[in-house]
Amino acid sequence: MITFTTNYAKDFFETHEFEQMELAVKTAHDQLHTGKGPGADYLGWLDLPTADKDELSRVKQKASEIKEHADVLIVIGIGGSYLGSKAVIQALSHSFMKKSDAPEVIFAGHHLNGEYIEEMFDALHEKSVYVNVTSKSGTTTEPAIAFRLIKHWMEQRYGQSGAASRIIATTDANKGALKAVADANGYTCFVVPDDVGGRFSVLTPVGLLPIAAAGFSVDALLDGARSAKQQYDHPSLLENESYQYAAFRTLMYAKGKQIELLASYHPKLQQVSEWWKQLFGESEGKDHKGLFPASVHYTTDLHSLGQYVQEGRRHLFQTVIGVKEATKDMTIPYSDSNEDGLDYLVGKSLNEVNEQAMDGTLLAHVDGGVPNVQIEVEQLDEAHIGALIYFFEKACAISGTLLGVNPFDQPGVESYKQNMFALLGKEGFEERRKQLQERLLT
Ligand code: PA5
């Protein structure tokens with residue numbers, strides 16, 4: 001379903017360097033699968049493709065209700081609580097139309113901009129609205145504020161009990177402010193398992209409910225992830241392409257590359273790149289280490305960042321993600337006048353041109369000193385996206401372990417929160433507030 005190749009990076013490392021990583025990879029695999037590595041309390045994601053069927057049927061049932069009654073589903077969440085569902089829904093959706101038998105899925109609570117929420121309400125007049133608020137901790141500020149506003153709006157629109165029947169909370173089984181609000185108001189709740197971190201949670205109700213409500217098959221998504229699980233549970237580097245990707249990144253990092261650019265040629269993969277950036281950025285960027293994960297969308301960005309990639313500082317490598325089989329395509333038509341000089345392309349399809357752009361760019365970037373590896377997804381459907389998710393998650397866990405960090409925590413995310421609480425006057429942060437205000441230039 002997914003292939004990983006290093007054909008265009010061969011000039012940048014010796015075969016023995018790669019092969020010699022076999023032992024380290026095997027050790028990382030053993031640590032992960034025996035739960036002896038760092039972050040062992042957060043390995044529940046490994047088994048999600050084969051998880052609890054009862055919870056899955058509840059998800060599908062609620063999704064059917066949403067599909068039947070809602071024009072719009074607002075998904076409230078930040079980080080791992082929205083990026084996965086947004087990525088999958090974009091990858092599977094028509095570029096311009098939602099599915100006819102499903103609501104439009106929109107997102108809130110992933111930033112603090114007031115204009116956005118006000119304009120969202122403007123757009124919801126006369127629409128039937130459901131809300132899925134997601135927060136594993138139940139205490140994250142951005143979604144909590146968005147939810148307070150949206151809850152108020154829903155209650156004004158539908159009354160307290162009407163709103164309660166349209167709000168679904170996905171959160172911890174027992175603790176957190178969101179769980180308390182959900183219980184007090186009688187919302188339907190779904191559980192984020194304790195042993196699954198936010199950025200590894202797309203195959204829990206966090207991702208599955210919005211994806212199913214958008215009209216996509218979560219069974220097929222999980223089937224794909226299940227077959228990937230089988231494939232990527234192999235301990236050997238030579239047999240496991242997810243581990244090969246992890247090993248390659250590690251090798252590039254050891255050779256001084258500091259940035260990994262995920263380059264896609266398919267606009268439907270834009271949000272997959274956002275999800276991928278969070279997965280790798282939050283998992284690896286710690287202890288003053290880690291590749292910086294960035295993304296480019298070609299050929300669009302060949303007219304912006306392309307210049308830098310070709311000739312700028314040589315501290316990056318590129319992972320090109322492509323889709324093999326397109327379901328739709330357009331053929332370039334004949335023109336009598338050939339005024340635009342494009343007759344040499346007559347009869348070729350747009351995807352063929354895109355492919356040549358990809359091959360041409362790949363070779364140019366290699367010539368420019370940028371190692372390129374390729375990940376190819378056979379097609380964009382639920383099963384392949386499910387497999388891709390598992391491919392990246394497994395690679396991330398192994399790559400983080402090889403780097404010597406705990407891939408499953410995110411202590412650095414706390415720093416800005418503490419400062420924000422202090423500046424906003426939250427109780428208990430008075431001393432910090434004084435210190436920060438002294439440092440802020442007025
Ligand atoms: O991966 C993570 O753990 C984080 O990115 C979280 O998903 C993010 O901070 C949101 O947290 P929560 O779901 O607790 O609101």
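This is a predicted model: local features need pLDDT of at least 70, side-chain atom pairs count only at pLDDT 80 or more; totals for chains, interfaces and linings use all residues.
Numbering runs from 1 along each chain as its sequence is written, and side-chain values use heavy atoms, with hydrogens and water left out.

Here are the ligand contacts side by side:

| Residue (polar side-chain atom) | Distance to a ligand oxygen atom |
|---|---|
| Serine 137 | 2.7 Å |
| Glutamine 278 | 2.5 Å |

On its own the ligand exposes 390 Å², and the protein buries 89% of that (Shrake-Rupley areas with a 1.4 Å probe). There are 13 residues around the ligand (a heavy atom within 4 Å), and Ser81, Ser135, Ser137, Thr140 and Gln278 come nearest. That shell splits into one nonpolar, nine polar and three charged residues; Ala, Val, Leu, Ile, Met, Phe, Trp, Tyr, Cys and Pro count as nonpolar, Asp, Glu, Lys and Arg as charged, and the others, Gly among them, as polar.

The ligand takes up the second largest pocket. A pocket is an open set of points on a 1 Å grid over the protein atoms alone, with protein on both sides within 12 Å along at least five of seven lines, and its lining residues have an atom within 4 Å of a point.

What about the largest pocket? It holds about 1,300 Å³ of space. Of its 39 lining residues, His266, Lys268, Ala326, Lys328 and Asn351 are closest to the centre. Helix H4 (83-92), strand S9 (316-323) and helix H13 (350-367) each give two or more residues to this lining, and H13 gives the most, with five. By class, the lining has 14 nonpolar, 14 polar and eleven charged residues.

Now the backbone. The peptide bond from tyrosine 298 to threonine 299 is cis, with omega near 5°, and threonine 299 lies in the loop between strand S8 (292-297) and helix H12 (306-311). Glutamate 126 isn't a glycine, yet has a positive phi of about 65°.

How values were computed. A polar contact is a pair of N or O atoms within 3.5 Å; within protein, one must be able to donate a hydrogen and the other to accept it, and residues adjacent in sequence count only if both atoms are side-chain atoms. On a 1 Å grid over the protein atoms alone, a cavity is a set of points where a 1.4 Å probe fits but cannot get out, and a pocket is an open set with protein on both sides within 12 Å along at least five of seven lines; lining residues have an atom within 4 Å of a point. A molecule sits in a cavity or pocket if more than half of its atoms lie within 2 Å of its grid points. Grid points are joined across faces, edges and corners, and a volume is the space filled by probe spheres set on the points. Helices (H or I, at least four residues) and strands (E, at least two) are DSSP runs, numbered from the N terminus.
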